[in-house]
Amino acid sequence: MSLYGTASGGRSSNYEYVIARVRSRRGSLFDDDDYRKLVRMGTSEIARFMEETEYETEMNALGARYSGSDLVEYALNRNLAKHFDDLLRWSEGALYDYVARYLRKFDAWNVKTVIRGLYAGAESADVEDDLIRAGEFSETRIDQLLAASSIEEVVESLDDTIFGDSLAEAYEVYEAQDVLVPLENAVDRAFYETLLDGLPSNPERDSPTGLYIQFLRTEVDFRNLRNALRLARSGADTDPAEYYIDGGKLFDEQSLAQLATNVDGLVTAVRESTYGSDLDSALSDLEDAGSLVEFERALDAALLEYADTLSNRYPLSVCPVLSYVLAKEREVDNIRAIARGREAGLAPEEIEQELVIL
C-alpha cells in the first residue's frame with residue numbers, strides 16, 4: 001500500500017471491473033433474515049451455519065484450535081482481511097490509492113488491539129488472533145508490534161507512521177492517568193485526520209476524487225457526531241475539543257463544543273444540514289432512541305444508508321467500493337455480536353437490539 005498518487009504506476013482506475021466484483025461479493029452478504037435465524041441458534045449451530053457459507057474456509061482452518069464464539073470471531077477477522085486484500089489486489093490507479101488509504105482503519109484497529117493487550121497483560125498469541133491484517137502495515141511491522149514488551153515500546157516503534165506524533169503526545173497523559181482513552185483517541189484522530197492529506201482541496205464535486213472526498217468528509221462528520229452524542233449523553237465534564245476530528249463539513253470545533261451539551265440541538269443541526277433529507281428516518285430513530293447504544297446503532301445504520309445513497313447516485317465511482325467495505329464490516333460486527341450474545345445467554349430480543357439492520 002502507498003500514499004495517494006504514488007501507487008498508480010501510471011495506470012488508470014479500473015472502476016467497472018472492481019465494482020462488478022464488489023457487487024457480486026455484496027450479493028453474498030448475510031441479509032436481515034439470516035441475522036434473525038442466527039439470533040435463535042446456539043453457538044455450535046451458528047458455527048455449523050457459517051461452515052455452509054463463504055466463511056467455510058476460515059471455519060475449517062481454525063476449527064481445530066478454537067470453538068464457540070472464539071472460533072466464530074477469529075474466522076470473521078480472517079475472512080474480513082481476505083476480502084479487503086482482494087479489493088487492493090483488484091484495484092488499479094487512483095482507485096487503489098483511495099481504497100488503500102481508507103483501509104488504514106485496520107492499522108488503527110491493530111494498534112489499539114496491541115495496546116489493549118499489553119495493558120491487560122494478554123498473551124501475544126491471543127492478541128495476534130484479534131488482529132485484522134487488512135491495513136497498510138507490513139507483516140514485519142505487525143510482528144514488531146506483537147513482540148513489544150510495553151506500551152512505550154509500541155509508541156516508539158510507530159514514530160515513523162501516521163500515528164507517531166499523536167501517540168507520543170498522548171503517552172504522556174497515559175503515564176499520568178493510567179487510562180487507555182488518550183492513546184485510543186490519539187490513534188483514531190491520526191487515522192481520520194490523515195484521510196484527506198494530499199487530496200485536492202476543491203475537486204469537481206462529481207469527479208472520482210470529489211466523490212471520494214465527499215464520502216470521507218461524511219465519515220468524519222459522523223465520527224464527530226458519534227463523539228458529540230457520547231459526550232452529550234454521558235454528562236461528563238470533558239472538553240469536546242479533545243474529541244474533535246478535523247476534516248468534516250458539518251461541525252467546526254466551536255459548534256461541536258456547543259452542541260455536545262444539547263442532544264436535541266445536535267439532532268436539529270444534522271436535520272437542517274446537507275444530510276437532513278438522506279437521514280430523516282435515521283434521525284427520527286435517534287430522537288426516539290432511549291440509550292447511547294441505540295443512538296450509535298441508529299448512527300451506524302444512517303452512515304450505511306448514506307453510503308448506499310451515494311453508491312446508487314454514482315454507480316461508477318469509488319462509492320460502491322467504500323459502501324461495500326462498510327457493509328462487510330457491518331456483517332462481521334453483527335455476527336460477532338450474535339455469537340457473543342448467545343454464548344452469554346442473552347435472549348434473541350436483547351441481541352437484536354445490538355445489531356445494525358437496515
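Colleague: Is Tyr171 buried or exposed in this model?
Modeller: This is a predicted model. Tyr171 has a relative accessibility of 13%. The cut-off for buried is under 20%, so Tyr171 counts as buried.

Colleague: And Tyr174, buried or exposed?
Modeller: The relative accessible area of Tyr174 is 12%. Buried means under 20%. Tyr174 is therefore buried.

Colleague: How many helical turns separate Tyr171 and Tyr174?
Modeller: Both residues sit in helix 11, residues 164-177. They are three residues apart there, so the separation is about one helical turn.

Colleague: What kind of aromatic pair do Tyr171 and Tyr174 form?
Modeller: The structure holds eleven aromatic pairs. In the pair of Tyr171 and Tyr174, the ring centres are 5.6 Å apart and the planes stand at 40°. Planes under 30 degrees apart would count as stacked, and over 60 as edge-to-face. The angle of 40° therefore makes this pair tilted.

Colleague: Which aromatic cluster includes Phe30 and Tyr35?
Modeller: Phe30 and Tyr35 form a tilted pair, with 6.5 Å from centre to centre and 50° between the planes. Phe30 and Tyr35 are both buried. Their cluster consists of Phe30, Tyr35, Phe49 and Tyr55.

Colleague: How do helix 7 and helix 12 run, roughly parallel or roughly antiparallel?
Modeller: Helix 7 spans residues 105-120 and helix 12 spans residues 181-194. Their axes come within 9 Å and cross at roughly 170°. Angles over 145 degrees count as roughly antiparallel. That crossing therefore makes helix 7 and helix 12 roughly antiparallel.

Colleague: How many charged residues are in the contact of helix 7 with helix 12?
Modeller: Helix 7 contributes Lys105, Ala108, Val111, Lys112, Ile115 and Arg116. Helix 12 contributes Leu183, Glu184, Val187, Asp188 and Phe191. By class, the contact has six nonpolar residues, no polar ones and five charged.

Colleague: Which residues does Glu219 touch, beyond four places away in sequence?
Modeller: Glu219 lies in helix 13, residues 208-234. Its relative accessible area is 5%, so Glu219 is buried. Beyond four places in sequence, Glu219 touches Tyr102, Lys105, Tyr192, Leu303 and Leu326.

Colleague: In which helix is confidence lowest?
Modeller: The mean pLDDT of the chain is 86, and 92% of its residues reach 70 or more. Helix 10, residues 151-157, has the highest confidence, at 97. The lowest, at a mean of 71, belongs to residues 280-288, helix 16.

Terms used. Residues are numbered from 1 along each chain as its sequence is written. This is a predicted model: local features need pLDDT of at least 70, side-chain atom pairs count only at pLDDT 80 or more; totals for chains, interfaces and linings use all residues. Side-chain values use heavy atoms; hydrogens and water are left out. Helices (H or I, at least four residues) and strands (E, at least two) are DSSP runs, numbered from the N terminus. Buried means under 20% relative accessible area, exposed over 50%, partly exposed in between (1.4 Å probe, protein chains only). Contact means heavy atoms within 4.5 Å. Axes are lines fitted to C-alpha atoms, for helices over the stretch in contact, and angles run from 0 to 180 degrees between N-to-C directions. Angles under 35 degrees count as roughly parallel, over 145 as roughly antiparallel, 65 to 115 as roughly perpendicular and the rest as oblique. Ala, Val, Leu, Ile, Met, Phe, Trp, Tyr, Cys and Pro count as nonpolar, Asp, Glu, Lys and Arg as charged, and the others, Gly among them, as polar. pLDDT is the predictor's confidence in each residue, from 0 to 100. Rings of Phe, Tyr and Trp (its six-membered ring) pair if their centres lie within 6.5 Å; planes under 30 degrees apart count as stacked, over 60 as edge-to-face and the rest as tilted.
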